[in-house]
Amino acid sequence: MAIKVKKGILIFGDICILYVSLFITLAIRYGASNLYPSLATHFKPFSTIFIVWILLFYLADLYDIRLLKKEVQLLKNLVWAVSLATALSIIFFYLFSGFFELTPKTNLAIFALVFSSIDFAWRWLVIKSNYAKMKVLLLGESATTKEILSYLTNNPQMGYDLLEWPRHTIKGHDYEQLEKMVKEQKIDIIIIPSRVIKEDLPIVKMLYRLLPLKIKIVNSLDFYESIFQKVPLEELEEGWFVERITTRRKIYDLLKRIIDIVFSLAFGILLSPVILLVAILTKLSSRKGPVIFKHRRAGLGETAFTLYKFGIMKEDGGALVTLPKDERLTSLGRFLNYTRLNELPQLWNIFKGDLSFIGPRAESMDLVGHYRSLPYYDMRHIIKPGLSGWAQINYKPSASLEEAFEKLKYDIYYIKNRSFILDFLIIIRTIRTLVSKPA
């Protein structure tokens, strides 16, 4: 896929530019004659720091091709990432000077300027160029193909050049015309609705005859998922879940449970002074009611459990959705809600096994009853809910059935693709969200 190719090119390019920028910085600072001695001193420390830089580039969405449509946004994200990476690098070099054995404050400033200039030009060229651009032919018509067509047409930076088959229905005798079009237009990918593959044998035979041309033929559902990182629930059937959803992953589930226990216990001990302080302040606040707010939520298998939070409302009860400027919040509650410190008691839920660090949001039993009318909603309960999750970082809190349905698309995507890599990326993006969320 063009997106994966561009992401790979960007990551590889960043790594190369980091080292090229280091060479240029050392040549400017110490002269070409002293390049190699200074490189020997700086290479290992900077290589360690570069890991932080790449991680921050991910946090700044510099590898999310979807968000880099405009040069202004690209420059803004790059400046933010480089500024934060430079500041953290200085802190690391001075804080762990015994390990790094140098404190290159001036060198880092020069390096940041050199790297920013080269990397912006590099990214602009990659995103704007036609290199690695793939020609895509849309066969047939469905809700997913219409959405794919609209999105990719308006987002050329994704790296796809779209063409449509000129007929709404495809017939077997059109093969010669289709083959001619594929060859002349140098088509790389053909996208076809899943129902067409299942129901129309002549079309399947026609596509089969195209395989020797080394054309990639993609189900529209799979292509939609790769582009939007959610699943098109409107077009799914029960068979899709039977084929694609794995309910048990023994090694993954076991290791994830061990990680939940170890880290919930570790964070509980490390943050115990903060937890105690928040508990005291909550007790002294204008809140009416106990320090710990308890609520029944739906867990694994839709089994009810008690979720714990610090109370942030003046009085318990009312709508469960908390708005940024909710008048029901106490003065302390606004701060706790903003920083998410009110959720610290959920470490106990994670330790007990009610929650995981990552998973679908644990909804209230009342909301679950309301949302049960949504198609395939029960599927989100085949794994444990989480403190954070794919839907939480990609979509706003749901306040209606329509918004809940949109979040469900992300939840099912996570359930289908869950892995330690995806969990790690969710944690990183959760941290980014907490740091950059508006007041």
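Trainee: Quick one to start: tyrosine 224 and phenylalanine 228, buried or exposed?
Mentor: Tyrosine 224 is buried, and phenylalanine 228 is too. Buried means under 20% relative accessible area, exposed means over 50%, and partly exposed is in between, with a 1.4 Å probe and protein chains only. Keep in mind that this is a predicted model: local features need pLDDT of at least 70, side-chain atom pairs count only at pLDDT 80 or more, and totals for chains, interfaces and linings use all residues. Numbering runs from 1 along each chain as its sequence is written, and side-chain values use heavy atoms, with hydrogens and water left out.

Trainee: OK, big picture. How many helices and strands are in the chain?
Mentor: The chain has 19 helices and eight strands. Those are DSSP runs numbered from the N terminus: H or I of at least four residues for helices, E of at least two for strands.

Trainee: And what share of the residues is buried?
Mentor: 45% of the 439 residues in the chain. Its C-alpha trace spans about 80 × 75 × 40 Å along the principal axes.

Trainee: Switching to the sheet. What order do the strands come in?
Mentor: E2-E1-E3-E4, four strands in an open sheet with parallel pairing. Strands pair if DSSP finds at least two bridges between them.

Trainee: How many bridges join E3 to E4?
Mentor: Four, with E3 being residues 189-192. Within that pairing, isoleucine 191 is opposite valine 218 of E4.

Trainee: What packs on the sheet?
Mentor: Helix H6 (residues 143-154) is one of the helices that do, touching E1 (134-138), E2 and E3, with its direction at about 135° to that of E2. Helix H10 (residues 220-228) touches E2, E3 and E4, and makes about 85° with E4. Touching, or contact, means heavy atoms within 4.5 Å. The axes are lines fitted to C-alpha atoms, for helices over the stretch in contact, and angles run from 0 to 180 degrees between N-to-C directions.

Trainee: New topic: how many aromatic pairs are there?
Mentor: 22. Rings of Phe, Tyr and Trp (its six-membered ring) pair if their centres lie within 6.5 Å; planes under 30 degrees apart are stacked, over 60 edge-to-face, the rest tilted. Take phenylalanine 46 and phenylalanine 93: centres 5.5 Å apart and planes at 45°, so that pair is tilted.

Trainee: Where do those two sit?
Mentor: Phenylalanine 46 is in helix H2 (residues 35-59) and phenylalanine 93 in helix H3 (residues 71-95), 47 residues apart. Phenylalanine 46 is buried at 1% relative accessibility, and phenylalanine 93 is buried at 0%. Back to your opening pair: the rings of tyrosine 224 and phenylalanine 228 have centres 4.6 Å apart and planes at 45°, so they're tilted. Those two are four residues apart in helix H10, about one helical turn.

Trainee: Which residues form the aromatic cluster?
Mentor: Tyr19, Phe43, Phe46, Phe50, Trp53, Phe57, Phe93, Phe111 and Phe115.

Trainee: Last one: what does valine 274 touch?
Mentor: Leu341 and Leu344, leaving out residues up to four places away in sequence. Valine 274 lies in helix H13 (residues 272-284) and is partly exposed at 32%. From valine 274 to leucine 341 is 67 residues in sequence and 8.9 Å in space, C-alpha to C-alpha.
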